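Dear colleague,

Please read them with the model open beside you.

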Amino acid sequence: MHILVCIKQVPDSAQIRVHPVTNTIMRQGVPAIVNPYDLYALEEALRLKDRYRGRVTALCMGPPQAEVALRKALAFGADEAILLTDRAFAGADTLATSYALSAAIRQVHRSLPIDLVFAGKQTIDGDTAQVGPGIATRLDMQLLTYVSKIVSLDLAAREIVVHRRSEGGVQVLKTRLPALVTVLEGINEMRFASLTDMFRAERHPLTIWNKDDARIEDATKVGLKGSPTAVSKVFAPTPTNRRAEIIETHGGQPIDLAATLVAKLFSSRPDVAFAINPSLTPDRRSL
Amino acid sequence: MSEHFDAIVVGAGPAGNSAAYTLAKAGLKVLQIERGEYSGSKNVQGAILYSDALEKIIPDFREDAPLERHVIEQRMWVLDDESCIGGTYRSADFSKPPYNRYTIIRSQFDRWFSKKVRDAGALVVCETTVLDLHMDGRCVVGVRTDRENGSVYADVVILADGVNSVLARKAGFRGELKPKDVALAVKEIHFLPEQTIEDRFNIKGTEGVVIEMAGKITQGMVGTGFLYTNKESVTIGVGCLLSDFKKSGIAPYALLEQMKAHPTIKPLLAGGEMKEYTAHLIPEGGYNAIPAIYGDGWLMAGDAGMFVNAVHREGSNLAMTTGRVAAETVIALKAQGKPMTAPHLAAYRKALNHSFVMKDMKKYKDVPEVMDKNRQFFTDYPRLVSQAARTLLTVDGVDKKTKERAIRKAFTGARSTFGLFADAFKLWRAFE
Amino acid sequence: MTSSPAQQAQASRPAGRRAAKLDERLAGYKGVWVFVEYERGQVHPVSWELLGEGRKLASALKVELAAVLLGPPDGAIQGFCDQAVQYGADLCYLACHPVLKDYRNAPYTSVLTELVNRYCPEILLLGATTLGRDLAGSVATTLKTGLTADCTGLAIDPENRGLAATRPTFGGSLLCTIVTLNYRPQMATVRPRVMAMPAPDPARSGRVIEHPVALIEESVVTKILDFVPDDLIAEANLPFADIIVSGGRGMKRQENFRLIYELAGVLGAEVGASRPVIQAGWVGAERQVGQSGKTVRPRLYIAAGISGAVQHRVGMDKSDVIVAINEDANAPIFDFAHYGIVGNAMTILPALTQAFTEHLKTLKRAG
Ligand SMILES: Cc1cc2nc3c(=O)[nH]c(=O)nc-3n(C[C@H](O)[C@H](O)[C@H](O)COP(=O)(O)OP(=O)(O)OC[C@H]3O[C@@H](n4cnc5c(N)ncnc54)[C@H](O)[C@@H]3O)c2cc1C
Ligand SMILES: Cc1cc2nc3c(=O)[nH]c(=O)nc-3n(C[C@H](O)[C@H](O)[C@H](O)COP(=O)(O)OP(=O)(O)OC[C@H]3O[C@@H](n4cnc5c(N)ncnc54)[C@H](O)[C@@H]3O)c2cc1C
Ligand SMILES: Nc1ncnc2c1ncn2[C@@H]1O[C@H](COP(=O)(O)O)[C@@H](O)[C@H]1O
């Protein structure tokens, strides 16, 4: 069994700040991390490997520094790590990203056939959840998004059964391999690598591919050139000039504060009052 | 795990990185272990980088190290509640390459350094904490980490794990840190657009300014404040002896808040956004606080060995130098086929004695004591000095001579003439 | 190298100019489409919200607004065509086939792309639901066109008739506007509860265009073995809750969440949470409100022990009334809440539970 996991290195968006005056991103010192959602995908792949044996390959498209993300994948137990890096990829949107990644996956597949491709639910910087479906479509693989559980994998019959989170419930889906799975958060807990694994990860030679190595012939399909979308404007959200009305009472006892708030809500916010007590109005869904 | 290394370096701060780099460059089999997510992720520093120490390790570091600004101007400010008096040294000389001092952001700088260590051939393992030293009798033979299969062995272990050095304390190489020997520093980074920084500090390109501050800002505690300009941010911080913080009950962040509100400092930060707040200890006990720095199978470098020159706010350069010299000691013994025993490793201490490290540490060995015993340096004098300046600079019809007399009176009123002389003498002695 | 919009912005400054000229072939793409999400006999409300938004875009462009409905020939689906018209559509493309009974990526992608290729809309909008995102990603890739996810604002650029899609980036700290260059259709997804629900107009009428589907079940690889509805596993439905009581890290311990549940019980509310609470495992992930959780728009949102970080805020600040309980008078949440109580959630929450209970009792007695 061979699973390929797509991981992306992203800036830790919790630490990104926007300059209040100039509205520019201040990226100084913002650490890069492995997209947290991708770690669930990696762990799930590793669990399947533990169960069925086989190999896990981690693939990341990014700048040379993204090596760190791949080393992490290796430490957790990935067997191979490929960094897809080329100046030509800069400025790619999801369509161009999925093009480059699927070319690389095809290339991996040529040397060792792939049964499953795993991706995260979404990235925390792009946040689009489009790259997974994009890769599946390009590689003509069955697509299983928002997978919350892998129920069974039958390598002989080349079938996989999963739970897929959908609106209002969970779909139990069966499909044929090769398939692309995007993994929902919280499905598992990441392992803690042993010191031996850490050593191996540090020493393992990374495979570094440029666009030719990935056999990308059409350079107009990658990077900025291959991106149908473009950012025309970046701006800060208009701040609400609202400042909460702070409830205060004499003595500030919780019960008095609470009673004051409740009275206020019911007297000045009829909509809220109706929501709390529908009997107050016949039609509260009219808005 | 039975793998054996020539040397294990604990910590990836400037001391550890210098040691690991030097060892690996010499072809030794080196393992470096860092508990942070990456080298620099946990490190706090002002930060000023002194070129000389790094140049001796990586001569062409300027080519790709993440340097913020080169320092062309140093201001020394003495602050009273409302006012500020001080001196500025700015020299065109400082703007001639190669530059002597730079501001840096440690998390980025350390990461760069760590990459150099890796490229030199050391095995660098992060997110791994060394819990214990493995001993064979009195001899350190390896370390135990918090990971599964977490023990690993080496001929020598270099402890570069910073001021707290839990390991050295656990192993009994060092006593508990005394609150009077460490300063607690808090600092913040405030982001500002490059243009604003250049305008506010009268600099251009990669020029930078350093401001050292003393006076009322430390509210009578032994300590100083600092402000450094980075490319797109300003670092501001203040540090005081831990023992003083304890005694005064002042919260470190409250101290920093107050300092930022000072009318001289506030406009320098206006409009910026605070990004990170960090607190860290600085060993300031000086020469007298330096513990044993070598023993059977181990060496200690950087903050772990209390190598900080508090007067000149030098630490990273001492860390780099001690790290390098420790490594060179090991390399030499290895080449001679000698075991890493205490008598042989004593060469480390000897080499340091001959370097600026011990010479400087010795020179200022009495400073901590003098500062501690002469609180007026942090209370009365700043007030008096700024009063004097105000008196002199206020044009109000009073003749200058009368003014001078008033100033003199103010000084001797606060301290006897003898006291003043004694203070001057003490200071001179301490720094001389 | 990455697909983050803001990073892309840097690389693509001149890109705006690239947009200038549209191929003649693409100029033939006309009309605004909204994909109507029909599953298990129901239409997802986000589809109606999108028709409301689509109506505005279509009017700005002076073109028709079409609803696209895919599903099984179950008799009910026709009725939803009428509803789509009431919500603003001028016409409805209807594709019915047993293969389309429950959502599966492959057949839906195939039918929707076929429709697009046949009728050539210039804009195609979908809900950013698990279905919509799954489908949109595949359709956009098949059509080799641009797709902007999770938009919070849609507008027409009067200069070039292009769609300007605005979405949060960098964890919500910034917004960016994305345009689709020389590609059509321009696709976008929008989260539920971001756009206002339009009022249906029963007087409206429109056409229905039925599209034949040439698929056979045997050709569909993925099979649906079962469907377990949320009601059975008691999952929360936060996006459509009228009242939400949310707790954050300030609740300190899992046991304290009981106080949240008690207040929610009295109010008939759903329970929500900030991310640290999910990470600590105090409540299930489906209750996370915010950028990487659910967008909610209740009448009343009570936040206890939540600081109001931007990633949380973007998921709830469209609530009609926000009440914040926080110990720290300077907590950012007070900058956008309507009412605030500065105090310990552990004592305020039980007091609120009591106060609401009593108030409701009085009302009952009175009414
Ligand atoms: C606010 C402030 C401002 C300063 N300004 C300056 C300045 O301007 N110029 C200057 O030269 N110096 C300055 N210093 C001092 C300087 O930062 C230190 O002297 C220097 O960082 C010491 O380097 P080090 O390598 O010994 O220790 P550190 O930089 O503290 O590195 C120790 C490393 O060891 C790791 N570690 C610790 N324990 C373990 C363990 N058990 N297992 C694995 N890893 C471990 C830590 O994570 C850390 O990365 C300043 C210090 C502070 C606090
Ligand atoms: C990519 C990314 C996506 C994210 N997505 C989300 C998301 O979808 N949703 C989300 O919520 N977060 C998200 N976050 C995390 C977000 O940045 C914040 O860290 C998080 O919202 C903080 O949660 P909190 O307010 O509960 O905790 P804190 O920020 O720790 O705040 C706790 C608050 O409780 C108050 N408090 C403490 N004790 C008491 C008491 N006894 N009584 C009353 N008040 C008390 C404190 O004053 C404080 O304001 C995301 C972050 C990233 C990087
Ligand atoms: N540059 C990249 N390299 C590797 N995998 C990626 C990359 N970008 C996106 N992915 C994968 O696609 C998923 C969805 O990304 P996104 O569409 O950007 O939200 C991620 O969770 C990753 O698994």
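In what follows, contact means that heavy atoms lie within 4.5 Å of each other. Please keep in mind throughout that this is a predicted model.

The helix is H9 of chain C, which covers residues 257–267 and has as its buried residues C:Phe257, C:Leu259, C:Ile260, C:Leu263, C:Ala264 and C:Leu267. Seen down the axis of H9(C), these buried residues fall within an arc of 150 degrees, so they line one face of the helix. They pack against elements of two chains, namely helix H7 (270–276) of chain A and, from chain C, strand E14 (243–247), strand E15 (270–273), helix H10 (275–279), strand E16 (300–304) and helix H12 (345–366). After H9(C) comes C:Gly268, with a positive phi near 65 degrees.

The sheet is an open one of 4 strands, in the order E14(A)-E10(C)-E9(C)-E8(C), and its pairing is antiparallel. At the edges stand strand E14 (229–235) of chain A and strand E8 (153–157) of chain C, each with a single partner strand, so one side of each is left without a neighbour in the sheet. On average, and with direction ignored, neighbouring strands of this sheet are turned by 30 degrees against each other.

Helix H4 of chain C (residues 45–61) packs on the sheet, where it touches E8 and strand E9 (162–169) of chain C, and its direction makes about 5 degrees with that of E8(C).

Notes: Residues numbered from 1 in each chain as written. Chains lettered and ligands numbered in written order. Predicted model: local features only at pLDDT ≥ 70, side-chain atom pairs only at ≥ 80, totals over all residues. Heavy atoms only, no water. Buried < 20%, exposed > 50% of the residue type's maximum accessible area, 1.4 Å probe, protein only. Arc of directions from axis to C-beta. Pairing = 2+ DSSP bridges. Axes fitted to C-alpha atoms, helices over the stretch in contact; angles between N-to-C directions.
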